[in-house]
Amino acid sequence: MPPQSNPNPSLPDDLILSCVARVSRLYYPTLSLVSKSFRSLLASPELYKTRSLLDRTESCLYVVSILDCTSNTWREGPSLRVKLMSCAACVLDGKIYVSGSCEDDDSATFQVFDTKTQTWDLVPIPCSETKHDFHYKIVCFDGKLHMVSNKGMDAYNTKEGRWDVVEPSREHYKYLYDSYSRIGNVWYSVLKGPFSKFIWYNTEQRVWRELKGMEGRLPTFPSDACVRLADYGGKMVVLWDMYVLGGKKMIWCAEIALERRGSLEIWGEVEWFDHMLTVPGSYEFVKVLSVTV
């Protein structure tokens, strides 16, 4: 770190870096208000390298909506640089990639959110080179961005800047559905309505099985609810909405620990769930993503 960027000249640079790296990211927004030097430090790659070396990384949840990106401290994140009518999102190398149709001219665009610097940048991905006009989902496989649609699939190599057409597998098409998430090597989903339940896919028997231990642990998900699942360090995070009086929605969140018992049973234990936000009825979240930083 350059000497002129030292937030406190009376302390060695390495000591300041080590101290800040041990602080939870929950407090970084407050620290950034101290001075320009602190803001520069909090956005520096050296800080996150130090956090990793000290084993102080944390998993953070991000809720991507057509309106904005919100982190797990439930602050409104920086708005997209280009407003989108529809979008899809995924995580690659600690960054959130968002694809969608522009609100102004209906053209395709890609944007990237750096979870370390908390800033948006346009990604120079030439959408015109893709072989399919509309991508329903954007996912990450083998270090590449995969664009999945009902017409086929393209893969973009961010290091080489090249599009490739790839042959989709049966697993790829699970990403076309919103209420699916892969946690570890197991696919999970949720069934909504009066008999709401979580299910997981048994690859040995090629059948969906119910997640045990969940009956009565969470509210019933209405048929019109938006429900999203995410891998949160090996646990399942569930976000869902419910309409309330006044034309608004309540956003709820739950964290579920998962335990495999033999080859035929997986049990879930709700560690907590609570109401997180109340938002306008027009609010719609697209994706829930977990990023370790």
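**Exercises on a predicted model**

Phe 198, Phe 221, Trp 240, Trp 252 and Phe 273 form one aromatic cluster. The model is predicted: local features need pLDDT of at least 70, side-chain atom pairs count only at pLDDT 80 or more, and totals for chains, interfaces and linings use all residues. Residues are numbered from 1 along each chain as its sequence is written, and side-chain values use heavy atoms, without hydrogens and water.

**Exercise 1.** Classify the aromatic pair of Phe 221 and Trp 240.

*Solution.* Start with the rule: rings of Phe, Tyr and Trp (its six-membered ring) pair if their centres lie within 6.5 Å. Planes under 30 degrees apart count as stacked, over 60 as edge-to-face and the rest as tilted. The structure holds nine such pairs. In this one, the centres are 5.1 Å apart and the planes make 65°. The pair is edge-to-face.

**Exercise 2.** Are Phe 221 and Trp 240 buried or exposed?

*Solution.* Buried means under 20% relative accessible area, exposed over 50%, partly exposed in between (1.4 Å probe, protein chains only). Phe 221 has 2% relative accessibility, so Phe 221 is buried. Trp 240 has 0%, so Trp 240 is buried.

**Exercise 3.** Describe how strands S17 and S18 pair.

*Solution.* Strands are DSSP runs of E, at least two residues, numbered from the N terminus. Two of them pair if DSSP finds at least two bridges between them. Here 14 bridges join S17 (residues 248–261) to S18 (residues 265–280). The strands run antiparallel. Met 250 has Thr 278 of S18 as its bridge partner. Three residues lie between the strands of this hairpin, and Gly 262 takes a positive phi near 75°.

Terms used:
Helices (H or I, at least four residues) and strands (E, at least two) are DSSP runs, numbered from the N terminus.
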